[in-house]
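User: I am new to reading protein structures. Could you take a close look at the backbone with me, and then move on to the aromatic rings?

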Amino acid sequence: MNRTLPLRSKLENVVIVGGGIGGLTASIAFAKTNQLKKVTVIEGKPTVGSKQGSGIALWRNSLRGLHQLNVKNDLEAKGRYLTGSMSYRNGKGTILAVPPAQFPDNFPILCLQRSDLHATLLHHAEANGVTIINKRVSDLSDISTIADIDIQKTLVVGADGIHSVVRRQLTAQTPIFMKYRYWRATIPSPSSIDTNEAYEIWVDKGRFGFVPLKQPEVFWFYSEPCNEEYVSSEMTNDDKKRYLVGLLSGNNMNQTVRTLVEETPASQILQTPIHKVVVKGNWCSSDGKIVLLGDACHATAPNLAQGAGLAIEDAIQLAGSFKLHSDPVAASTHYQSIRKPRARTVQTMADAIASLGHMRYPLAHIRDSILSSCPQFIAGPVFETAVSYSLGGDYTPPHL
């Protein structure tokens with residue numbers, strides 16, 4: 001096919017495999033550009049937008065993009081901005097690092113339930129005419145039948161996560177287990193907990209984090225270094241909670257940590273092995289008609305709370321690149337040239353946070369001594385500079 005032809009003579013449809021945050025955002029973005037006749041999302045889980053029990057933080061990058069898609073206001077009604085302090089602490093509660101007082105103004109963070117974000121994106125996708133199909137894609141050959149389209153005239157977007165089916169068409173690279181897993185839950189806040197601040201506590205056996213959501217809910221997580229992806233499948237929910245409480249017991253453990261975990265119903269505690277995906281080659285096929293986004297091409301540890309944000313940025317940039325360039329090769333190449341460095345930055349910094357937070361004695365003691373003794377007039381600006389760097393500086397999404 002002549003690659004100088006206009007986009008509409010080459011591509012008529014976009015099929016997004018994966019109905020998660022990145023996939024639904026991409027569907028809304030493509031629908032708003034009006035470049036293609038039909039936008040379809042195929043999701044293998046029984047219910048797209050179903051309840052997923054964990055909290056999520058959206059930083060200014062993703063908020064700027066969601067504002068452009070007219071989604072931001074709905075999300076603000078379901079979440080809350082972090083207005084109090086945020087900090088890193090040791091197991092005794094001593095503050096090791098804290099940003100300057102103006103940080104919440106410079107870096108707004110909207111905290112909400114992941115399920116609320118998902119459901120809101122689903123609502124907007126359907127309102128913009130996106131077709132949602134709940135079927136499993138095992139191979140790309142399934143797509144033309146499932147979506148009832150001509151695959152030769154279709155852009156296929158792989159937004160199907162860490163274990164992406166679409167990625168297998170482009171590379172043999174597989175996810176890397178990072179040797180730790182996340183335990184997490186969302187619960188009504190115990191009366192003894194201050195819900196105006198967020199923090200991460202670096203304890204003897206991992207990292208514990210706390211994020212306030214829209215009252216009365218709060219979200220907590222615990223990062224446990226381990227060699228196996230999951231605890232024994234024979235353990236009941238109560239067994240898992242006892243195991244977790246045992247890990248978080250000890251003389252050096254902050255009382256807040258114990259309170260949050262002990263007051264969480266065992267059935268609501270989730271565990272997720274942490275994987276990283278690094279696609280060293282292209283994120284797209286040679287003809288530009290198969291493209292990856294989100295965890296499918298750059299899954300990162302959730303240590304910077306930017307995984308969902310990266311997927312949202314990817315989705316909007318992908319639609320913007322295909323609006324800017326009529327040739328799929330040029331469009332997909334433009335997209336990945338912008339997104340690859342950004343993803344690499346977040347992955348590198350997320351790994352660094354994990355390395356710092358998972359230090360054991362005596363390195364942890366040295367780390368704590370250095371950080372706690374650093375004057376705030378030095379530590380504050382360093383904190384803010386690091387966050388700004390992780391967010392790609394003054395990032396602005398493409399105009400759709």
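This is a predicted model: local features need pLDDT of at least 70, side-chain atom pairs count only at pLDDT 80 or more; totals for chains, interfaces and linings use all residues.

Analyst: Let's start with Pro216, which is placed in the loop between strand 12 (206–212) and strand 13 (217–225). Helices (H or I, at least four residues) and strands (E, at least two) are DSSP runs, numbered from the N terminus. Residues are numbered from 1 along each chain as its sequence is written, and side-chain values use heavy atoms, with hydrogens and water left out.

Pro362 belongs to the loop between helix 12 (328–357) and helix 13 (363–373). Most peptide bonds are trans, and most residues other than glycine have a negative phi.

Now for phi. Asn34 is not a glycine, yet its phi is positive, about 55 degrees. You will find Asn34 in the loop between helix 2 (21–33) and strand 2 (38–42). With a relative accessible area of 57%, Asn34 is exposed; exposed means over 50%, buried under 20% and partly exposed in between (1.4 Å probe, protein chains only). Lys179, not a glycine either, has a positive phi of about 70 degrees. Lys179 sits in strand 10 (residues 176–188) and is partly exposed, at 45% relative accessible area.

On to the rings. The whole structure holds 13 aromatic pairs. Rings of Phe, Tyr and Trp (its six-membered ring) pair if their centres lie within 6.5 Å; planes under 30 degrees apart count as stacked, over 60 as edge-to-face and the rest as tilted. Tyr88 and Phe383 have ring centres 6.1 Å apart and planes at 45 degrees, so this pair is tilted. Because Tyr88 is in strand 5 (residues 86–90) and Phe383 in helix 14 (residues 376–390), the pair ties together parts 295 residues apart in sequence.

Phe383 also pairs edge-to-face with Phe103, at 5.7 Å centre to centre and 90 degrees between the planes. Phe103 lies in helix 5 (residues 103–106), so this pair links parts 280 residues apart in sequence. Phe103 is buried, at 2% relative accessible area, and Phe383 is buried at 10%. Together with Trp59, Phe107 and Trp202, the residues Tyr88, Phe103 and Phe383 form one aromatic cluster.
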